[in-house]
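Dear colleague,

I am passing the structure below on to you, together with some notes on what turned up when I went through it. Please read the notes with the coordinates open beside you.

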Amino acid sequence: MLVKTEVLLATDDAIRRAANLLRLGRLVAFPTETVYGLGADADNPQAVQALFAAKGRPADHPVIVHLAEASQIDDWATDIPLAAHRLADAFWPGPLTMILHRGRRASDLVTGGLGTVGLRVPAHSVARQLLQSFGGAIAAPSANRFGRVSPTSAAHVYDELAGRIDLVLDGGECQVGLESTIVDLSSDCPAVLRPGGISVESLAAVLAGALRGATAGAPRVSGSLESHYAPRARVELVAQCELAAQAERLSRQGRKVAVLARPGQICPETAGLTIIPVPADDEGLARVLYAALRQVDALGCDWVLVALPNEQGIGAAIADRLRKAAGPRAG
Ligand code: TXA
Ligand code: MG
């Protein structure tokens, strides 16, 4: 069923309107510091079901529940370990999601039938105002169609979900640009399931070292071979010193090739080669990465080459997303 999707600048009035829509069981996209989320009332089963339908997401995938305050976690989780309180004190509000044993308020719909629930207190002022004005908890996956690149602007959300959701609150471009770090605290030793906006190094510092899955290349959350976070164009990871040669090789084969190039990464002046400049620093690259991958598709390129960053700080999250984007495609 098609609905008219409004895009409104995130003024106080628009945020109140968004909160009212959530109360009515409708779907509202909103900015967070990581990526845009597609929100539904986490206590309303029909609304959460509509969320899955709008994204085209399988029903057994859990969604993150967003809260206004860390003090609300007791409603949603139980058997909360000391480590979770330490992490909440250090990183909430912020780009950290904690997986905890589910509490009485967490339905099978938000947990995907698991015994655990993902919780996050976002830092973005619009997300916080929306949560406060709504008064409840907001179930929100990233506001993209299933398997696609997460949106980091209101325009990206509109491109993905126009006709399927009621409102997009426009709060500008997301500052982090990649999804939250997910830490599983439901077993004896905390484990990083997805690197993200909070670095593994800073988590380890707060947890005094007790952290699994923190090493580069360790198995990640989904364990799925299907590609995620992927543009339409084929993504190829290339050693920095190979970037120019590989771009030239593919172009000569008649491919329409794009290169995400940091300053100083030399690229040949080959006809048909599209250079998409990206910032030199990893924080800057994280911020623009998804927009750059969308640009590759918009320009009609069928191949994109990119060099992996060093896997420290946010570099680990960039590398994780690029590997998933380069992974084997479903179907
Ligand atoms: O930054 C973010 O985390 C954004 C913003 C909107 O908050 N949200 C986001 O949601 O990226 P989503 O649904 O696109 O990704 C959440 C990931 C999924 O891979 C899901 O499987 C995992 O979190 N997840 C959620 N609850 C879980 C649980 N109980 N156990 C294991 N994984 C869980
Ligand atoms: Mg997502």
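**A serine in a helix**

Ser251 is found in helix H9, which spans residues 243-252. Before going further, please keep in mind that this is a predicted model, and that the values quoted here are computed from it. Ser251 has a relative accessible area of 12%, and because buried means under 20% relative accessible area, this residue counts as buried. Leaving aside residues up to four places away in sequence, Ser251 touches Val257, Thr270 and Leu273.

**The surroundings of ligand 1**

Turning to the ligand, there are 20 residues that surround ligand 1, and the closest are Thr34, His66, Ser142, Ser180 and Arg194. Sorted by class, this shell has nine nonpolar, seven polar and four charged residues. For Thr34, a polar side-chain atom lies 2.7 Å from an oxygen atom of ligand 1; in the side chain of Arg120, an N or O atom is 3.1 Å from an oxygen atom of the ligand; and for Ser180, the distance between an N or O atom of the side chain and an oxygen atom of ligand 1 is 2.5 Å. On its own, ligand 1 has 680 Å² of accessible area, of which the protein covers 90%. Strand S4 (64-66) and strand S7 (116-120) are the elements that give two or more residues to the shell around ligand 1, and the largest share, four residues, comes from S7.

**Two backbone details**

Two places in the backbone also deserve a note, in case you plan to check the geometry yourself. The peptide bond that leads from Trp92 to Pro93 is cis, with omega near -5°, and Pro93 itself lies in the loop between helix H4 (82-91) and strand S6 (96-102). Is Asp79 buried or exposed? Its relative accessible area is 60%, and since exposed means over 50%, Asp79 is exposed.

With best regards

Key. Residues numbered from 1 in each chain as written. Chains lettered and ligands numbered in written order. Predicted model: local features only at pLDDT ≥ 70, side-chain atom pairs only at ≥ 80, totals over all residues. Heavy atoms only, no water. Buried < 20%, exposed > 50% of the residue type's maximum accessible area, 1.4 Å probe, protein only. Contact = heavy atoms within 4.5 Å. Near = heavy atom within 4 Å. Polar contact = N/O pair within 3.5 Å; in protein donor to acceptor, adjacent residues only side chain to side chain. Areas by Shrake-Rupley, 256 points an atom, 1.4 Å probe, with all protein chains shown as cover. Nonpolar A, V, L, I, M, F, W, Y, C, P; charged D, E, K, R; others polar.
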